[in-house]
Amino acid sequence: MNAIKIPEVVDHHRRRLFGIAAATVALAQLGAVRTSTAQGGTQTTLAGGTGSRNSFASLKQIEAGLLTVGYAEDGPADGPPVILLHGWPYDIYSYVDVAPLLAGAGYRVIMPYLRGYGTTRFLSDATLRNGQQAALAVDIIDLMDALGVEKAIVAGYDWGARTANILAALWPERCKAMVSVSGYLIGSQAANKAPLPPQAELQWWYQFYFATDRGRAGYAQYTDDFAKLIWRLASPRWNFDDATFARSAAAFKNPDHVDIVVHNYRWRLGLAEGERRYDELEEKLAKRPEIDVPTITLEGDANGAPHPDPDAYAKKFSGKYEHRLITGGIGHDLPQEAPDAFATAIIDVDKF
């Protein structure tokens, strides 16, 4: 049987190598190549993306765990899986220009709507609309099981980066490698009880707003205006147009969106209960476990959202690791603002 399978593996590997080579050429055509200093050596990255693609070829739906998950998919079905996870208040369109680059390199690219976004729905009306960190991570494990994905490269920013961190920390056997914007974001209710310096607290103004009934009502009434304000504050040099924002804002029409967002931020402050089913996972996460899967962390040079200094989390990655600063006015939604740099990091971390 081995003699039969070996040629298939060799052919697949060769096809993937050709794909990576082709993607490298495509990446080079997207922007000027420049060199940046990263931990572990000198890396070649690429400046800004073209933002030329407007939609995904198709959206799919699958039952997974507590949800029916809406997701976009690109690339060959038999390619190495990559799962790209979005943040708040954004959606899968953060990856609309990343996906074809990775698909061209031979990867199977999976981009799910998180609970509370897009076409993802709860299977039961009785399920708590829970936004705690462990719940979002279990959703992705359930999705991988439903799709038959044993192991994947995981990548994300904001909520998506935290979810990727948790997957890599608690289920390393399911993660081939990771790309994480703003590094290590695993938290706990206990840690969040500690006050921050005033300037840092100011950056979290919306978290305190959501802690109030007025804040919940305000977010429900002005969801799009709120999200657009966050986009501008988090990416002050990103000149997105109305069509780009509207494309993502459609995902906030999800009937569970407000509940999930408000619960997420209230849970962080210990103002809302989680679910007992996640207690054991949260106990492990509260210890801030190290991550030993191969990792590249990224940071934009104009990220206006709260984010840790790279030196503060470097030691949390005990495996092969690099950090890259992406320059050129890149803000919080790094994959959408610099898709070529993000795709390059995924291709590079796969070689670790």
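Trainee: Which residue in S6 is the bridge partner of valine 82?

Mentor: First, this is a predicted model, where local features need pLDDT of at least 70, side-chain atom pairs count only at pLDDT 80 or more, and totals for chains, interfaces and linings use all residues. Residues are numbered from 1 along each chain as its sequence is written, and side-chain values use heavy atoms, leaving out hydrogens and water. S5 (residues 81-85) and S6 (residues 108-112) pair in the parallel sense over three bridges; strands here are DSSP runs of E, at least two residues, numbered from the N terminus, and pairing takes at least two DSSP bridges. The partner of valine 82 in S6 is valine 109.

Trainee: And what stands opposite leucine 85 in S8?

Mentor: S8 covers residues 152-156 and runs parallel to S5, joined by four bridges. Opposite leucine 85 is glycine 156.

Trainee: Is S5 mostly covered or exposed?

Mentor: In a regular strand the side chains alternate between the two faces of the sheet. In S5, Pro81, Ile83 and Leu85 on one side and Val82 and Leu84 on the other are all buried, meaning under 20% relative accessible area with a 1.4 Å probe, protein chains only. With five of its five residues buried, S5 is mostly covered.

Trainee: How are H3 and H4 oriented to each other?

Mentor: H3 (residues 133-147) and H4 (residues 159-170) pack at about 70 degrees, axes 9 Å apart. Axes are lines fitted to C-alpha atoms over the stretch in contact, with angles from 0 to 180 degrees between N-to-C directions. Since 65 to 115 degrees counts as such, the two helices are therefore roughly perpendicular.

Methods: Parallel < 35°, antiparallel > 145°, perpendicular 65-115°, else oblique. Buried < 20%, exposed > 50% of the residue type's maximum accessible area, 1.4 Å probe, protein only.
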